[in-house]
Amino acid sequence: MENDKKILFSGIQPSGYLTIGNYLGALKNFVTLQNDYDCYYCVVDLHSITIDQVPAVLRQNTYNLIALYLACGLDYKQNTLFIQSQVPAHCELTWVLSCNTMFGEARRMTQFKEKSAKHPDNINVGLFSYPVLMAADILLYQADLVPVGNDQKQHLELARDLAIRFNNKFSPTLTVPEPYIASKQGGARIMDLADPTKKMSKSDNGGAVLMLDTPEDIMRKFKRAVTDSDTQIKYHASKPGISNLLTIYSAFSSKTISESEKDFEDVGYGDFKIRVAESVIEGLRPIQNEYSRIIKDKAFLEQVIDEGRQKATQKAFKTIRKIYKKVGFI
Ligand code: AMP
Ligand code: TRP
(Lines give C-alpha, C1' and ligand atoms only; values in the text may rest on other atoms or scores of the structure.)
(Ligands and ions follow the chains in the order given, each with its own letter.)
Protein backbone atom coordinates (compact mmCIF):
# COMPACT_ATOMS: atom_id res chain seq x y z
CA MET A 1 0.00 0.00 0.00
CA GLU A 2 2.84 2.36 0.89
CA ASN A 3 4.72 4.19 -1.85
CA ASP A 4 7.88 6.25 -1.57
CA LYS A 5 6.20 9.66 -1.78
CA LYS A 6 6.72 11.97 1.14
CA ILE A 7 3.84 12.36 3.54
CA LEU A 8 1.71 15.46 3.95
CA PHE A 9 -0.82 16.13 6.69
CA SER A 10 -3.23 19.02 7.10
CA GLY A 11 -6.55 19.67 8.74
CA ILE A 12 -9.39 22.15 8.83
CA GLN A 13 -11.94 22.55 11.62
CA PRO A 14 -15.59 21.90 10.79
CA SER A 15 -16.71 25.01 12.59
CA GLY A 16 -18.69 27.28 10.30
CA TYR A 17 -18.69 27.96 6.60
CA LEU A 18 -15.38 28.16 4.77
CA THR A 19 -14.35 31.49 3.29
CA ILE A 20 -12.41 32.30 0.14
CA GLY A 21 -9.52 32.89 2.59
CA ASN A 22 -9.67 29.21 3.55
CA TYR A 23 -9.83 28.35 -0.12
CA LEU A 24 -6.86 30.43 -1.24
CA GLY A 25 -4.83 29.86 1.93
CA ALA A 26 -5.48 26.16 2.37
CA LEU A 27 -7.74 24.14 0.06
CA LYS A 28 -6.31 25.36 -3.22
CA ASN A 29 -2.83 24.34 -2.06
CA PHE A 30 -4.14 20.99 -0.89
CA VAL A 31 -5.25 20.30 -4.45
CA THR A 32 -1.93 21.42 -5.93
CA LEU A 33 0.10 19.31 -3.52
CA GLN A 34 -1.95 16.11 -3.79
CA ASN A 35 -0.02 14.70 -6.74
CA ASP A 36 3.41 15.09 -5.21
CA TYR A 37 2.75 13.78 -1.71
CA ASP A 38 0.93 10.99 0.01
CA CYS A 39 -1.68 13.28 1.58
CA TYR A 40 -3.78 12.98 4.71
CA TYR A 41 -6.50 15.62 4.77
CA CYS A 42 -8.38 15.59 8.02
CA VAL A 43 -11.58 17.18 9.30
CA VAL A 44 -10.43 18.07 12.81
CA ASP A 45 -13.68 17.83 14.74
CA LEU A 46 -11.91 17.09 18.06
CA HIS A 47 -10.34 20.53 17.82
CA SER A 48 -13.70 22.17 17.17
CA ILE A 49 -15.16 21.28 20.56
CA THR A 50 -12.58 23.43 22.36
CA ILE A 51 -15.20 26.09 21.59
CA ASP A 52 -18.86 25.23 22.33
CA GLN A 53 -20.62 23.66 19.35
CA VAL A 54 -24.23 22.75 18.69
CA PRO A 55 -23.99 18.97 18.10
CA ALA A 56 -26.34 18.81 15.10
CA VAL A 57 -24.54 21.73 13.48
CA LEU A 58 -21.12 20.18 14.09
CA ARG A 59 -22.31 16.97 12.47
CA GLN A 60 -23.62 18.82 9.42
CA ASN A 61 -20.47 20.95 9.14
CA THR A 62 -18.37 17.79 9.14
CA TYR A 63 -20.27 16.35 6.17
CA ASN A 64 -20.11 19.74 4.46
CA LEU A 65 -16.36 19.93 4.84
CA ILE A 66 -15.78 16.43 3.44
CA ALA A 67 -18.02 17.37 0.50
CA LEU A 68 -16.05 20.60 -0.02
CA TYR A 69 -12.75 18.72 0.04
CA LEU A 70 -14.11 16.51 -2.73
CA ALA A 71 -15.70 19.40 -4.65
CA CYS A 72 -12.38 21.25 -4.76
CA GLY A 73 -10.87 18.26 -6.51
CA LEU A 74 -9.21 16.25 -3.76
CA ASP A 75 -9.00 12.64 -4.88
CA TYR A 76 -10.12 10.35 -2.05
CA LYS A 77 -8.67 7.25 -3.67
CA GLN A 78 -5.22 8.70 -4.11
CA ASN A 79 -5.23 10.49 -0.73
CA THR A 80 -6.79 9.90 2.65
CA LEU A 81 -9.74 12.14 3.52
CA PHE A 82 -10.95 11.39 7.02
CA ILE A 83 -12.55 12.54 10.25
CA GLN A 84 -10.25 12.97 13.24
CA SER A 85 -12.64 11.64 15.93
CA GLN A 86 -13.00 8.35 14.01
CA VAL A 87 -9.35 7.47 14.62
CA PRO A 88 -8.86 6.94 18.38
CA ALA A 89 -5.05 7.05 18.05
CA HIS A 90 -5.23 10.87 17.90
CA CYS A 91 -6.41 10.96 21.50
CA GLU A 92 -4.04 8.19 22.56
CA LEU A 93 -0.97 9.97 21.24
CA THR A 94 -2.20 13.26 22.66
CA TRP A 95 -1.97 11.79 26.15
CA VAL A 96 1.59 10.53 25.69
CA LEU A 97 2.67 13.85 24.19
CA SER A 98 0.89 15.79 26.95
CA CYS A 99 3.10 14.05 29.46
CA ASN A 100 6.09 15.34 27.51
CA THR A 101 4.85 18.90 27.05
CA MET A 102 5.78 21.45 29.68
CA PHE A 103 3.06 23.63 31.18
CA GLY A 104 5.04 26.77 30.43
CA GLU A 105 5.54 25.70 26.85
CA ALA A 106 1.81 25.32 26.25
CA ARG A 107 1.06 28.56 28.09
CA ARG A 108 3.17 30.52 25.60
CA MET A 109 0.98 29.61 22.63
CA THR A 110 -0.52 32.81 21.24
CA GLN A 111 -3.68 31.17 19.94
CA PHE A 112 -4.49 29.99 23.47
CA LYS A 113 -4.08 33.53 24.75
CA GLU A 114 -6.23 34.95 21.94
CA LYS A 115 -8.99 32.38 22.27
CA SER A 116 -9.05 32.69 26.06
CA ALA A 117 -9.49 36.42 25.69
CA LYS A 118 -12.28 35.89 23.17
CA HIS A 119 -14.14 33.26 25.25
CA PRO A 120 -13.38 34.23 28.86
CA ASP A 121 -16.29 32.11 30.14
CA ASN A 122 -14.95 28.91 28.58
CA ILE A 123 -11.20 28.65 29.12
CA ASN A 124 -11.18 24.86 29.20
CA VAL A 125 -8.26 22.45 29.51
CA GLY A 126 -8.89 21.27 25.93
CA LEU A 127 -8.24 24.76 24.65
CA PHE A 128 -4.96 24.68 26.52
CA SER A 129 -3.88 21.32 25.11
CA TYR A 130 -5.17 22.07 21.60
CA PRO A 131 -1.62 22.35 20.18
CA VAL A 132 -0.66 18.97 21.68
CA LEU A 133 -3.59 17.35 19.87
CA MET A 134 -2.47 19.10 16.70
CA ALA A 135 1.05 17.73 17.18
CA ALA A 136 -0.43 14.24 17.63
CA ASP A 137 -2.35 14.62 14.34
CA ILE A 138 0.83 15.40 12.48
CA LEU A 139 3.23 12.98 14.19
CA LEU A 140 0.87 9.98 14.00
CA TYR A 141 1.16 9.96 10.21
CA GLN A 142 4.94 10.62 10.24
CA ALA A 143 4.22 13.71 8.11
CA ASP A 144 7.14 15.37 6.33
CA LEU A 145 5.19 18.45 5.27
CA VAL A 146 2.34 20.39 6.86
CA PRO A 147 0.65 23.19 4.89
CA VAL A 148 -0.77 25.75 7.32
CA GLY A 149 -1.47 29.44 7.51
CA ASN A 150 0.92 31.78 9.26
CA ASP A 151 -1.19 31.71 12.43
CA GLN A 152 -0.40 28.01 12.92
CA LYS A 153 3.37 28.33 12.63
CA GLN A 154 3.92 28.37 16.39
CA HIS A 155 1.87 25.18 16.79
CA LEU A 156 3.96 23.49 14.13
CA GLU A 157 7.11 24.53 15.93
CA LEU A 158 5.76 22.79 19.04
CA ALA A 159 5.05 19.64 17.01
CA ARG A 160 8.66 19.66 15.83
CA ASP A 161 9.97 20.17 19.38
CA LEU A 162 7.82 17.31 20.69
CA ALA A 163 9.01 14.95 17.94
CA ILE A 164 12.65 15.79 18.63
CA ARG A 165 12.12 15.45 22.38
CA PHE A 166 10.47 12.05 22.03
CA ASN A 167 13.21 10.79 19.68
CA ASN A 168 15.93 11.91 22.10
CA LYS A 169 14.24 10.57 25.20
CA PHE A 170 13.44 7.13 23.77
CA SER A 171 14.92 6.46 20.31
CA PRO A 172 14.29 7.76 16.78
CA THR A 173 10.59 7.13 16.20
CA LEU A 174 8.89 10.24 14.86
CA THR A 175 9.47 12.24 11.67
CA VAL A 176 10.18 15.91 12.37
CA PRO A 177 7.70 17.81 10.14
CA GLU A 178 8.43 20.86 7.99
CA PRO A 179 5.92 23.70 7.62
CA TYR A 180 4.61 24.84 4.24
CA ILE A 181 3.35 28.34 4.84
CA ALA A 182 0.73 29.34 2.29
CA SER A 183 1.12 33.05 2.88
CA LYS A 184 4.71 32.92 1.63
CA GLN A 185 3.65 31.42 -1.69
CA GLY A 186 1.94 34.32 -3.42
CA GLY A 187 0.75 36.29 -0.41
CA ALA A 188 -2.49 34.41 0.02
CA ARG A 189 -3.49 36.01 3.29
CA ILE A 190 -6.96 37.23 2.52
CA MET A 191 -8.33 40.12 4.53
CA ASP A 192 -11.90 40.99 5.55
CA LEU A 193 -13.71 43.07 2.89
CA ALA A 194 -15.33 45.29 5.51
CA ASP A 195 -12.11 45.75 7.49
CA PRO A 196 -9.05 45.01 5.36
CA THR A 197 -6.71 45.26 8.36
CA LYS A 198 -8.30 42.10 9.80
CA LYS A 199 -7.94 38.53 8.50
CA MET A 200 -11.01 37.20 6.71
CA SER A 201 -12.38 34.59 9.09
CA LYS A 202 -15.19 32.07 9.12
CA SER A 203 -16.06 32.86 12.74
CA ASP A 204 -17.12 36.47 12.21
CA ASN A 205 -18.32 36.92 8.69
CA GLY A 206 -19.35 40.52 8.27
CA GLY A 207 -16.90 41.06 5.44
CA ALA A 208 -16.16 37.44 4.70
CA VAL A 209 -17.01 35.88 1.34
CA LEU A 210 -18.03 32.26 1.81
CA MET A 211 -17.17 29.51 -0.63
CA LEU A 212 -20.85 28.59 -0.87
CA ASP A 213 -22.25 32.15 -1.16
CA THR A 214 -24.62 32.70 -4.08
CA PRO A 215 -23.35 34.84 -6.99
CA GLU A 216 -25.71 37.61 -5.84
CA ASP A 217 -24.28 37.59 -2.32
CA ILE A 218 -20.72 37.56 -3.64
CA MET A 219 -21.44 40.55 -5.90
CA ARG A 220 -23.15 42.45 -3.08
CA LYS A 221 -20.26 41.85 -0.67
CA PHE A 222 -17.65 43.01 -3.16
CA LYS A 223 -19.65 46.09 -4.11
CA ARG A 224 -19.62 47.07 -0.43
CA ALA A 225 -15.90 46.33 0.03
CA VAL A 226 -13.95 49.06 1.83
CA THR A 227 -11.44 50.86 -0.42
CA ASP A 228 -9.81 54.27 0.14
CA SER A 229 -10.12 57.90 -0.89
CA ASP A 230 -7.53 57.56 -3.66
CA THR A 231 -8.40 56.46 -7.24
CA GLN A 232 -5.36 54.32 -8.15
CA ILE A 233 -5.66 50.54 -8.39
CA LYS A 234 -2.18 49.71 -7.09
CA TYR A 235 -0.86 47.18 -4.62
CA HIS A 236 0.61 49.10 -1.69
CA ALA A 237 0.80 48.80 2.10
CA SER A 238 -0.98 52.14 2.43
CA LYS A 239 -3.93 50.73 0.45
CA PRO A 240 -5.01 47.58 2.32
CA GLY A 241 -8.49 47.39 0.77
CA ILE A 242 -7.36 47.72 -2.84
CA SER A 243 -4.35 45.45 -2.25
CA ASN A 244 -6.61 42.76 -0.84
CA LEU A 245 -8.96 42.98 -3.82
CA LEU A 246 -5.98 42.73 -6.17
CA THR A 247 -4.72 39.66 -4.28
CA ILE A 248 -8.13 38.00 -4.59
CA TYR A 249 -8.44 38.88 -8.27
CA SER A 250 -4.96 37.66 -9.11
CA ALA A 251 -5.47 34.38 -7.26
CA PHE A 252 -8.79 33.65 -8.95
CA SER A 253 -7.65 34.67 -12.42
CA SER A 254 -4.17 33.07 -12.08
CA LYS A 255 -2.38 36.34 -12.85
CA THR A 256 0.45 38.10 -11.09
CA ILE A 257 -0.25 41.25 -9.09
CA SER A 258 1.38 43.47 -11.73
CA GLU A 259 -0.63 41.83 -14.53
CA SER A 260 -3.73 42.45 -12.44
CA GLU A 261 -2.77 46.11 -11.91
CA LYS A 262 -2.43 46.46 -15.69
CA ASP A 263 -5.92 45.04 -16.21
CA PHE A 264 -7.30 47.97 -14.21
CA GLU A 265 -5.13 50.88 -15.31
CA ASP A 266 -7.95 53.20 -16.32
CA VAL A 267 -10.75 51.59 -14.38
CA GLY A 268 -12.71 53.18 -11.51
CA TYR A 269 -13.15 51.52 -8.11
CA GLY A 270 -16.80 50.65 -8.78
CA ASP A 271 -16.09 48.69 -11.97
CA PHE A 272 -12.97 47.16 -10.43
CA LYS A 273 -14.98 45.69 -7.57
CA ILE A 274 -17.48 44.20 -10.01
CA ARG A 275 -14.69 42.59 -12.04
CA VAL A 276 -13.15 41.11 -8.88
CA ALA A 277 -16.52 39.71 -7.86
CA GLU A 278 -16.97 38.19 -11.32
CA SER A 279 -13.61 36.44 -11.14
CA VAL A 280 -14.56 34.95 -7.76
CA ILE A 281 -18.02 33.88 -8.97
CA GLU A 282 -16.49 32.20 -12.03
CA GLY A 283 -13.72 30.54 -10.00
CA LEU A 284 -16.13 29.15 -7.43
CA ARG A 285 -18.82 28.05 -9.90
CA PRO A 286 -17.39 24.58 -10.72
CA ILE A 287 -16.69 23.92 -7.03
CA GLN A 288 -20.20 24.98 -6.02
CA ASN A 289 -21.75 22.80 -8.73
CA GLU A 290 -19.75 19.78 -7.63
CA TYR A 291 -20.57 20.51 -4.01
CA SER A 292 -24.34 20.58 -4.57
CA ARG A 293 -24.13 17.27 -6.38
CA ILE A 294 -21.97 15.57 -3.72
CA ILE A 295 -23.74 16.83 -0.59
CA LYS A 296 -26.98 15.20 -1.77
CA ASP A 297 -25.25 11.84 -2.19
CA LYS A 298 -25.11 10.63 1.42
CA ALA A 299 -24.22 7.06 0.46
CA PHE A 300 -21.17 8.25 -1.46
CA LEU A 301 -20.08 10.55 1.37
CA GLU A 302 -20.39 7.70 3.88
CA GLN A 303 -18.28 5.53 1.60
CA VAL A 304 -15.55 8.18 1.32
CA ILE A 305 -15.55 8.69 5.10
CA ASP A 306 -15.38 4.97 5.75
CA GLU A 307 -12.49 4.40 3.35
CA GLY A 308 -10.65 7.33 4.89
CA ARG A 309 -11.20 6.01 8.40
CA GLN A 310 -9.78 2.62 7.45
CA LYS A 311 -6.69 3.98 5.71
CA ALA A 312 -5.95 6.50 8.46
CA THR A 313 -6.50 3.95 11.24
CA GLN A 314 -4.05 1.56 9.67
CA LYS A 315 -1.29 4.13 9.38
CA ALA A 316 -1.94 5.67 12.81
CA PHE A 317 -2.01 2.29 14.51
CA LYS A 318 1.52 1.52 13.35
CA THR A 319 2.85 4.67 15.00
CA ILE A 320 0.88 4.34 18.22
CA ARG A 321 2.00 0.72 18.61
CA LYS A 322 5.65 1.78 18.39
CA ILE A 323 5.12 4.68 20.76
CA TYR A 324 3.35 2.59 23.39
CA LYS A 325 6.12 0.03 23.25
CA LYS A 326 8.87 2.61 23.65
CA VAL A 327 7.09 4.29 26.55
CA GLY A 328 6.87 0.94 28.35
CA PHE A 329 3.25 -0.06 27.91
CA ILE A 330 2.62 -3.80 27.56
P1 AMP B 1 -9.26 28.37 10.13
O2 AMP B 1 -10.38 28.95 9.34
O3 AMP B 1 -8.58 29.39 10.98
O4 AMP B 1 -9.62 27.10 10.85
O5 AMP B 1 -8.13 27.94 9.10
C6 AMP B 1 -8.18 26.83 8.23
C7 AMP B 1 -7.07 27.00 7.20
O8 AMP B 1 -7.34 28.12 6.30
C9 AMP B 1 -5.69 27.32 7.81
O10 AMP B 1 -4.68 26.68 7.07
C11 AMP B 1 -5.60 28.83 7.69
O12 AMP B 1 -4.29 29.29 7.66
C13 AMP B 1 -6.31 29.10 6.36
N14 AMP B 1 -6.93 30.45 6.38
C15 AMP B 1 -7.95 30.84 7.17
N16 AMP B 1 -8.29 32.12 6.95
C17 AMP B 1 -7.45 32.57 5.98
C18 AMP B 1 -7.29 33.82 5.31
N19 AMP B 1 -8.07 34.88 5.58
N20 AMP B 1 -6.32 33.93 4.37
C21 AMP B 1 -5.54 32.86 4.10
N22 AMP B 1 -5.63 31.66 4.68
C23 AMP B 1 -6.58 31.49 5.62
N1 TRP C 1 -5.22 24.18 14.16
C2 TRP C 1 -5.43 24.20 12.72
C3 TRP C 1 -6.20 25.47 12.32
O4 TRP C 1 -6.95 25.98 13.09
C5 TRP C 1 -6.19 22.98 12.29
C6 TRP C 1 -5.39 21.75 12.50
C7 TRP C 1 -5.59 20.79 13.46
C8 TRP C 1 -4.27 21.33 11.75
N9 TRP C 1 -4.69 19.81 13.33
C10 TRP C 1 -3.84 20.10 12.31
C11 TRP C 1 -3.59 21.89 10.68
C12 TRP C 1 -2.72 19.43 11.83
C13 TRP C 1 -2.46 21.20 10.19
C14 TRP C 1 -2.05 19.99 10.75
O15 TRP C 1 -6.07 25.89 11.19
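**Salt bridges, strands and domains**

Guide: The count comes to 13 salt bridges, a salt bridge being a side-chain nitrogen of Lys or Arg within 4 Å of a carboxyl oxygen of Asp or Glu. This is a predicted model, in which local features need pLDDT of at least 70 and side-chain atom pairs count only at pLDDT 80 or more, while totals for chains, interfaces and linings use all residues. Residues are numbered from 1 along each chain as its sequence is written, chains are lettered from A and ligands numbered from 1 in the order in which they are written, and side-chain values use heavy atoms, with hydrogens and water left out.

Visitor: Why is the contact of R160 with E178 called a salt bridge?

Guide: The closest N and O atoms of R160 and E178 are 3.3 Å apart, and the limit is 4 Å, so the pair qualifies. R160 belongs to helix α8 (residues 153-169) and E178 to strand β5 (residues 178-181), so that the pair links distant parts of the chain, 18 residues apart. Helices (H or I, at least four residues) and strands (E, at least two) are DSSP runs, numbered from the N terminus. E157, R160 and E178 are linked in a network of salt bridges.

Visitor: What makes K239 buried or exposed?

Guide: Buried means under 20% relative accessible area, exposed over 50%, and partly exposed in between (1.4 Å probe, protein chains only). K239 has 7% relative accessibility and therefore counts as buried. Its salt-bridge partner is D230, at 2.7 Å from N to O. D230, at 35%, is partly exposed.

Visitor: How do you know the class of D263 and of K255?

Guide: D263 has a relative accessible area of 26% and K255 one of 31%, so both are partly exposed. Their side chains meet in a salt bridge of 2.6 Å, N to O.

Visitor: What makes strand β2 mostly covered?

Guide: In strand β2 (residues 37-43), 7 of its 7 residues are buried. Y37, C39, Y41 and V43 point one way, D38, Y40 and C42 the other way, and all are buried.

Visitor: How do you know that β1 and β2 are paired?

Guide: Two strands pair if DSSP finds at least two bridges between them. K6 stands opposite Y37 in β2. β2 also pairs with strand β3 (residues 80-83) in the parallel sense, over 4 bridges, and the bridge partner of V43 in β3 is I83.

Visitor: Why is the unit of β1, helix α1 and β2 called right-handed?

Guide: A crossover is right-handed if, with the strands pointing away from the viewer, the path from the first strand over the helix to the second runs clockwise. β1, helix α1 (residues 20-33) and β2 make a β-α-β unit of this right-handed kind.

Visitor: What makes up the interface of domain 1 and domain 2?

Guide: The chain is divided into domain 1 (7-181 + 298-327) and domain 2 (215-292), with bounds from an automatic or database domain assignment. In contact (heavy atoms within 4.5 Å) are 9 residues of domain 1 and 9 residues of domain 2. The domains bury about 780 Å² between them, 80% of it on carbon and sulfur atoms; buried area is the accessible area (1.4 Å probe) that two parts lose on being put together, summed over both. In domain 1, I20, L24 and A71 lose the most area to domain 2, together 55% of what that side buries. Across this interface the rule finds 0 salt bridges.
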